[in-house]
Amino acid sequence: MDTAAYARRIGYEGPLAPTLEVLGGLCAAHIRTVPFENLAILEGAPISLEPEALFHKVVLRRRGGYCFELNGLFAALLKSLGFQVEHLLGRVWSSNRADPVPTHQVSRVTVEGEAYLVDVGFGARVLRAPLPWRLDAEVAQGPDLFRLVRVDNDEWMLQGREGASWMDLYSLLPCTVRPQDYRPANHYTSTHPASPFVLNAVAALTTADGRVTFRNRELRHVGAGGVETRELREPAELAPLLGAVFGLEDWTDRAALERFVFGEGR
């Protein structure tokens, strides 16, 4: 792990000691600079979880990734800095599926005697800071409000406030897992014909007051001023937009991505 190169990639210039302040600073920098994106799948590139491959893709090529890539690499960074990291596996409920299988990777980090949920790789509504590992504690993070509640199967559900109600985001299995336990879920997520990451092109970044997301041809910016949307109309618009908004410029097969977004079935 080249911690200096990683810090430059996310624009982090602070200390790198294993403290809560550093953990929060790294999380905040990461979600503002490294996009959540599945576009490599649609370019036809395999999704490797090997540490060297993740570092090359995210840090050196300045691409993004989804949870197995972003949270996997971030966990490796934290371990190299001396943080105590546990690996967790969860089910995503925010897509309104009634029977989600475990396809989400996050970390539980213990620092200064307290455990925190750490997630820099969730597309729907990512945490803005480490979340205390406590049940029924409502925590405000910028414009967002989160809490953890216990649900069936002894799983812990992360919920986000949505208007007057709470929205289920993902539930976490009650046991920790090993890094190799993510491989089957990563294979399913990146190759199964029913996987939303095989069926859709997505990218997202957190902003100071909201979030900017791209899904297929639509760009959506949600912030304090409301919601702004833009729909792409031709392939020539795609790469410039992804570069300008998400910093994505190093493509494996840009033509394949353009064919997916503007081809049949879109």
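## F83 and the nonpolar cores

Leaving aside neighbours within four places in sequence, F83 is in contact (heavy atoms within 4.5 Å) with A17, P18, T19, V22, L23, L78, V109 and V111. A second, separate core of 34 residues includes L173, Y182, V202 and F246. The largest nonpolar core has 46 residues, and F83 is among those with the most contacts inside it, together with F74, L117, L158 and Y170. A nonpolar core here is a set of buried Ala, Val, Leu, Ile, Met, Phe, Trp, Tyr and Cys residues joined through side-chain atoms within 4.5 Å. Buried means under 20% relative accessible area, exposed over 50%, and partly exposed in between, with a 1.4 Å probe and protein chains only.

## Basis of the model

The model is predicted: local features need pLDDT of at least 70, side-chain atom pairs count only at pLDDT 80 or more, and totals for chains, interfaces and linings use all residues. Residues are numbered from 1 along each chain as its sequence is written, and side-chain values use heavy atoms, with hydrogens and water left out.

## R125

R125 is found in the loop between β4 (114-118) and β5 (131-132); strands (E, at least two residues) and helices (H or I, at least four) are DSSP runs numbered from the N terminus. R125 is buried, with a relative accessible area of 15%. Not counting residues up to four places away in sequence, R125 touches D144, F146, G160, R161, E162 and L169. A polar atom of the R125 side chain lies 2.8 Å from the backbone oxygen of R161.

## Helix α1

In α1 (residues 3-10), the residues A5, Y6, A7, R9 and I10 are buried. The buried residues of α1 pack against α2 (20-33), α4 (51-60) and α5 (67-80). G11 follows α1 and has a positive phi, near 70 degrees.

How values were computed: Polar contact = N/O pair within 3.5 Å; in protein donor to acceptor, adjacent residues only side chain to side chain.
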